[in-house]
Amino acid sequence: MRAQEKRAAEAVTDHLAELERPPDAHSLAQVIGTALGATGCAFTVAGERYQWGHGAERWLTQPIEHDGEVQALLAVAPHSAGPVDALATVLGPPMAALRLAAEADRLRRDGEAAARELVDDRWRTTVEMEQERRALERDLHDGAQHHLVSLKMAMALVEHTGASEERLADLESKLDAAEKALTDTAAGILPIPLSTGGLAGALETELAAHSDVALDTTDLHRRYPPLVESTAYFACLEAVNNAHKHASGASITVDVRDTEHGLEFVVSDDGPGFDLTARGSGLPHLSARMAAVGGTIDVRSQPGHGTRITGSVPR
């Protein structure tokens, strides 16, 4: 063994004797490089390079083995530093310890990342379930309730005027419509007129039975994404429902149109109106539904001047 290599091996042995844990690769590179009189020394362990000093374009590279496996690569500069195979033998055990520590650290990081991902997945699943629950709640509130309000009005009319065969048939029809709306909502199915005829066709079909509601879709010329159309559809139905509840007997107008900014609808009635400062803007379900597609809702009302609800969804 050359004198310099022997000194380097002794320096490594002394350095390792002072440690109580796996050696630091940078410190070990400095100890070896200094003992060899080299300008640079580096280890490549588990894919990571640990370097002390600097070298020319060419380095002397020596694999370090332990238990028949390559644990690391030793590089010394300059290239003319000479063979260091005997030194590599001394470095086998500490390099094995370094490799195991590096792999253990990598496994720890992978485990922590997997744990974080699992927590994220659970959180994301919880959020998605809550969103689905709220969406179902809104669909029941805005869609099926529309049929139930209509049924309640029809029953009140029967009670007031007496049950006739025509009235009873109308009640049966409205019960069937309410049952279908509840079934379709629970199954996550859009109303057939909405999926086939778009927003205009769906509203025409749904509001046709209400003589107190005037629908205008003459300025609605294009189709929108299904989520946007279903949002506007249920929002219009909720606004009509609210007018039926709080402005019984009033005339209701539903106007749906394209604008330069996107889709807009206006539901207005000439009922008694209400004081916004006393009741607030109201319609939390409607506001939440519109916000889900980036839309907005604006409620204007005052006592004796009816109510006007404007919703818009940007392109």
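How many of the eight residues of strand S7 (residues 262–269) are buried? Seven of them are buried, so that the strand is mostly covered, where buried means under 20% relative accessible area with a 1.4 Å probe and protein chains only.

The model is predicted: local features need pLDDT of at least 70, side-chain atom pairs count only at pLDDT 80 or more, and totals for chains, interfaces and linings use all residues. Residues are numbered from 1 along each chain as its sequence is written, and side-chain values use heavy atoms, with hydrogens and water left out.

Helices (H or I, at least four residues) and strands (E, at least two) are DSSP runs, numbered from the N terminus. Two strands pair if DSSP finds at least two bridges between them.

A hairpin of three residues connects S6 to S7.

Helix H6 (residues 226–246) packs with helix H8 (residues 284–291) at an angle of about 170 degrees, their axes 10 Å apart. Axes are lines fitted to C-alpha atoms over the stretch in contact, and angles run from 0 to 180 degrees between N-to-C directions. H6 is therefore roughly antiparallel to H8, a term for angles over 145 degrees. In this contact (heavy atoms within 4.5 Å), H6 contributes Ser230, Thr231, Phe234, Ala235 and Glu238, while H8 contributes His285, Leu286, Arg289 and Met290.

Technical notes:
Buried means under 20% relative accessible area, exposed over 50%, partly exposed in between (1.4 Å probe, protein chains only). Angles under 35 degrees count as roughly parallel, over 145 as roughly antiparallel, 65 to 115 as roughly perpendicular and the rest as oblique.
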